[in-house]
Amino acid sequence: MHSPSLWQALRAPRYLRGSRPWRAAAYLLSGVCVGLATLVSLLLLAVVGGALAVVVVGVPLLVMFALAGIPLAALERRRLRLVDPVVLADPHREPDGTGLAAWVRVRLKEPVTWRELGYALLCAFVLWPLEALVLGAVLGVCGGLLATPLVMATVGGGEEVRVMKLWLADTYPQAFAAALAGALLLPVVAYPLGVVAAGRAALARQLLSSRDAAVDSRIQELGRSRMRLVDAFEAERRRIERDLHDGAQQRLVALSMTLGLARLENPGEPLGGLLAKAHDEAGTALVEIRELIRGIHPQVLTDRGLKDAVEDVADRSAVPVDVRFELPGRLPEAVETAAYFALCEALANVSKHSGAGRAEVCGRIAGGELVVEVRDDGAGGADFSGGSGLQGVADRISVLDGHLTVSSPVGGPTVFRVRIPSPPGRADADTAATADTTTAPASRNPTRTRT
């Protein structure tokens, strides 16, 4: 793995006219400073740890030494941008728990932590002296030649000066000739300086990047493309709903009104009977298209949010449903839509198959996730392994990294639970969470969930 942009810039004819040579020099110079500071820090930590280990247990200091490469690696990833615009992502994963102990446990188990420690040792004892040697050679040669006239005027008293301690210049024309040689040498040394900086950056990128960086990048791109497809799908659903609502539905309403007026104008048979039948068919089609619109994307979900949309479904359910929601306002649109259709499928199953006398829908935010449950007092024992509807729900929420679990032991209750990660949505950050609760209590016999 290498720094492609710098290598390509070195081969380009305009390399000297850009900022690349100066950025390469700044990268090496800052590397000397960082390496020297790392050396001092590691030696200080080792000395203090050795002194304290005599009287106290030295395990915490050993842990600190093992983790010493992490802050240096974070700094190096940012410093790489001087010579390579491609951002080097942090390969560390988030700890499973909270607190310092959980963070330390995760870091000590990661191979990248030990690579970063090795990089810190390499930087402290090997790399920065080499960078200092390269910069010293460049500054010593070019700087010494360029400064020849100034040195002759100040130190040599205008008479003579030894150039690079190799030859003697006793006139100003010779001194300015040496300065001109130094100026002409600068573009020449800019190339080896860039090569050293590119090699140094390639080594840092190799040691500080994840071994699975390409795979992780591909996974992230797939996740982003998946979300773009979901957004495009939802936008298309809304477009179809809008076209049906504003187009076909309005035409059916106009047709129904026209047929009604025609019936008033011609009440007799046989034309009156045909008009009455056509009027009834138009009314039936209007009801069906309204149900279709509601199934595609209900307007109440867009206008008023998940809680009101679920209450609307509960009001139309054949089984009485109690709705208990504790949400801090509006959620992201994709989360609301996925949760709504999951709940619709669950309530449809309750009405068709459970034999329940009552059901309850609960929703809350817990641990950064939207958790919604549908619980009924039916007979249980349901087999959902072949249910295409539930499979569709699982596929829909999996796009959002959600999870579906169903528990239905014989004798009940049946519990349908959906968990969807929910970042802050359209709600005001200062809005207080309010609980909209009905009178029916939750079931007192929760069961172990099986997936």
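The following legends describe close-up views of a predicted model.

**View 1. The second largest pocket and its lining.** This pocket has a volume of about 360 Å³. Its lining comprises 14 residues, and those that lie nearest the centre of the pocket are Pro21, Trp22, Ala25, Leu186 and Leu193. Helix H2 (20–52), helix H6 (111–146) and helix H8 (172–208) are the elements that each give two or more residues to the lining. By residue class, the lining of the second largest pocket holds 14 nonpolar residues, no polar residues and no charged residues.

**View 2. Helix H6 and its kink at Cys123.** H6 contains 36 residues, which at 1.5 Å a residue should span 52 Å. The C-alpha atoms at the ends of H6 are 48 Å apart, a distance that agrees with this expectation.

**View 3. The packing of H6 with H8.** Two packed helices are described by the angle between their axes and by the distance between those axes. For H6 and H8, the angle is about 175° and the axes lie 9 Å apart. Because angles over 145 degrees count as roughly antiparallel, H6 is roughly antiparallel to H8. The residues of the contact of H6 with H8 divide into 24 nonpolar, 1 polar and 4 charged.

Methods: Residues numbered from 1 in each chain as written. Predicted model: local features only at pLDDT ≥ 70, side-chain atom pairs only at ≥ 80, totals over all residues. Heavy atoms only, no water. 1 Å grid on protein atoms, 1.4 Å probe; cavity = no way out; pocket = protein on both sides within 12 Å on 5 of 7 lines; lining within 4 Å. Points joined across faces, edges and corners; volume = space filled by probe spheres on them. Helix = DSSP H or I, 4+ residues; strand = E, 2+ residues; numbered from the N terminus. Nonpolar A, V, L, I, M, F, W, Y, C, P; charged D, E, K, R; others polar. Expected span 1.5 Å × (residues − 1). Bend = angle between axes of the 7 residues up to and from the residue. Axes fitted to C-alpha atoms, helices over the stretch in contact; angles between N-to-C directions. Parallel < 35°, antiparallel > 145°, perpendicular 65-115°, else oblique.
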